[in-house]
Amino acid sequence: MNYTQAVGEKSTVKLTISFSEEEWQDAISKAYLKTRGKYSVPGFRKGKAPKPVLENYYGKGVFFEEAFNHLYATHYFSIIEKERDKFTVVGEPELSVEEMVEGKGVTLAATVPVKPDVEIDAYTGLKIKKYEYNVTDSEVDGEVTKLLERKAEDVDVNDRPCQNGDRVNIDFSGTVDGVKFPGGTAEGYDLVLGSGSFIPGFEEQVVGMKIGGEKDITVRFPDDYSAENLKGKDAVFAIKLHKITGKKLPEISDAFVKENAGVETVEEFKAKARERLLKQAENRSRDETENSIVSEICKHAKAEIPQAMIESEIDRMVQDFSYRLMYQGIKLEDYVKYMGMTMEQFRSQFASQAQPRVLSQLVIEKIVKTEKITASENEVDAKIAEQAASVEKTAEEYKKNIDPRQIEYIKNDIVITKMFDFLKANNELYVEGGEEKPAAKPAAKKTTAKKTTTKKED
């Protein structure tokens with residue numbers, strides 16, 4: 001057996017694999033031994049007819065397909081392993097017979113989708129928006145309110161209209177163009193106003209209703225709504241309100257926070273709340289700035305992304321969505337059915353998001369490779385020591401039970417952090433209305449891919 005590999009179109013590699021007549025006949029013999037039990041010939045017990053008899057009765061090509069499968073299964077994966085430094089397979093190959101001449105063997109072909117190289121016109125010297133978030137006194141007060149709400153008593157409300165924060169019990173019946181639609185009708189439904197559980201405009205129009213009140217409200221389904229048949233459509237909901245339940249908040253005091261938050265004073269609770277919110281704001285600022293950096297660099301990048309990578313990313317997004325539903329006690333299949341969609345329609349919703357996500361990952365990998373960013377052993381050890389200290393263990397104790405996959409995660413985290421430090425230092429980050437941070441290195445970097453063709457022999 002020998003093979004050649006050549007770069008094809010749209011991020012594919014074509015493997016052309018040639019087998020001698022001897023190898024081809026050996027594959028046919030193996031196919032015969034594996035499948036002969038499926039065939040019956042008059043005068044022979046099932047599975048006992050000789051190969052020439054079966055070929056004469058069913059046609060000479062009766063074992064070809066199984067012989068092809070045997071050759072692919074035997075040689076394809078070993079070839080991929082040998083060539084792993086040259087390309088990374090990202091999907092199943094398209095298989096075909098390139099040539100088959102009697103007495104001269106057979107040539108098979110596998111067109112393999114591979115991870116594409118990325119051309120990045122520039123990833124330094126760019127002007128990129130930076131995000132900064134602070135913590136206000138009202139946000140700290142909001143944490144106090146949340147604590148009080150966790151200990152609030154439910155009280156029936158009869159002397160006022162409903163307002164945000166109330167739980168109302170309602171009947172609703174929705175129609176689009178006068179026709180009811182699946183999921184648009186319910187009786188005795190409990191809804192917390194202001195929770196954002198329903199489409200925009202619904203809860204806002206329920207606010208102000210009184211017990212026993214009836215009202216028709218008009219809302220518009222978002223253009224990106226999950227149900228295809230409702231996207232961008234106007235709907236009318238007939239509402240009847242049966243009950244209003246409000247919250248009676250306790251009084252905030254040192255005694256209250258001591259009992260319910262484990263701190264001595266209200267001021268100490270507020271200080272800890274501010275510290276926590278500042279950490280969240282810092283993380284949000286970092287995450288959104290890093291997303292902004294990658295998004296801007298992607299505008300200067302291009303790659304021929306094979307559909308197999310898009311489908312794999314959609315698989316991950318669907319799986320993530322499924323996990324979120326599981327926490328709510330809902331199966332994905334039931335959700336899709338409830339929304340009046342097929343699984344194919346449901347998956348198609350993620351297609352527009354999948355492509356830029358794949359490109360972002362490819363861009364990150366390219367920059368890391370180009371800049372030769374790595375995690376040193378000392379850096380990994382320092383990170384492990386930090387994690388060990390957080391659970392009150394020594395680094396040696398912590399290492400004894402650490403999963404090798406966690407080591408890889410630590411290495412990757414270090415590399416990504418160093419990459420973003422590099423990008424932040426070498427691009428011009430600005431906050432809208434604030435001062436700009438000049439780039440240390442205005443020169444742009446450009447990356448290109450090289451295409452090669454090689455031949456191997458076994």
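Tutor: Accessibility comes up throughout, and here a residue is called buried when its relative accessible area is under 20%, exposed when it is over 50%, and partly exposed in between, with a 1.4 Å probe and protein chains only. The structure is a predicted model, in which local features need pLDDT of at least 70 and side-chain atom pairs count only at pLDDT 80 or more, while totals for chains, interfaces and linings use all residues. Residues are numbered from 1 along each chain as its sequence is written, and side-chain values use heavy atoms, with hydrogens and water left out.

Side chains of opposite charge can pair when their charged atoms come close. The rule applied here asks for a side-chain nitrogen of Lys or Arg within 4 Å of a carboxyl oxygen of Asp or Glu, and by this rule the model has 37 salt bridges. One of them joins Arg316 to Glu313, whose closest N and O atoms are 2.8 Å apart. Both residues belong to helix 8, where they are 3 residues apart, about one turn of the helix; helices are DSSP runs of H or I with at least four residues, strands are runs of E with at least two, and both are numbered from the N terminus. Arg316 counts as partly exposed because its relative accessibility is 46%, whereas Glu313 is at 9% and therefore counts as buried. Shared partners also link salt bridges into one network that holds Glu143, Lys146 and Arg276.

Glu83 has 0% relative accessibility and so counts as buried, while Lys86, with 44%, is partly exposed. In a further pair, Glu264 and Lys258 come to 3.7 Å, N to O, and the 48% relative accessibility of Glu264 is why this residue counts as partly exposed.

With 77% relative accessibility, Tyr327 counts as exposed.

For the interior, a nonpolar core is a set of buried Ala, Val, Leu, Ile, Met, Phe, Trp, Tyr and Cys residues joined through side-chain atoms within 4.5 Å. The largest such core has 67 residues, and Val168, Phe237 and Val363 are among those with the most contacts inside it. Helix 11 (residues 351-370) gives the most to this core, with 8 residues. If neighbours within four places in sequence are set aside, Val363 is in contact (heavy atoms within 4.5 Å) with Val118, Ile120, Ile297, Cys298 and Ala301. Another core lies apart, with 31 residues that include Tyr39 and Phe68.

Cys298 is buried because its relative accessibility is 12%, and Cys162, at 3%, is buried as well. With a disulfide taken as a pair of cysteine sulfur atoms within 2.5 Å, the structure holds 0 disulfides.

Lys10 has a positive phi of about 55 degrees although it is not a glycine; Lys10 sits in the loop between strand 1 (2-7) and strand 2 (12-19), and with 62% relative accessible area it is exposed. Lys372 has a positive phi near 55 degrees, lies in the loop between helix 11 and helix 12 (377-390), and is exposed, with 67%.
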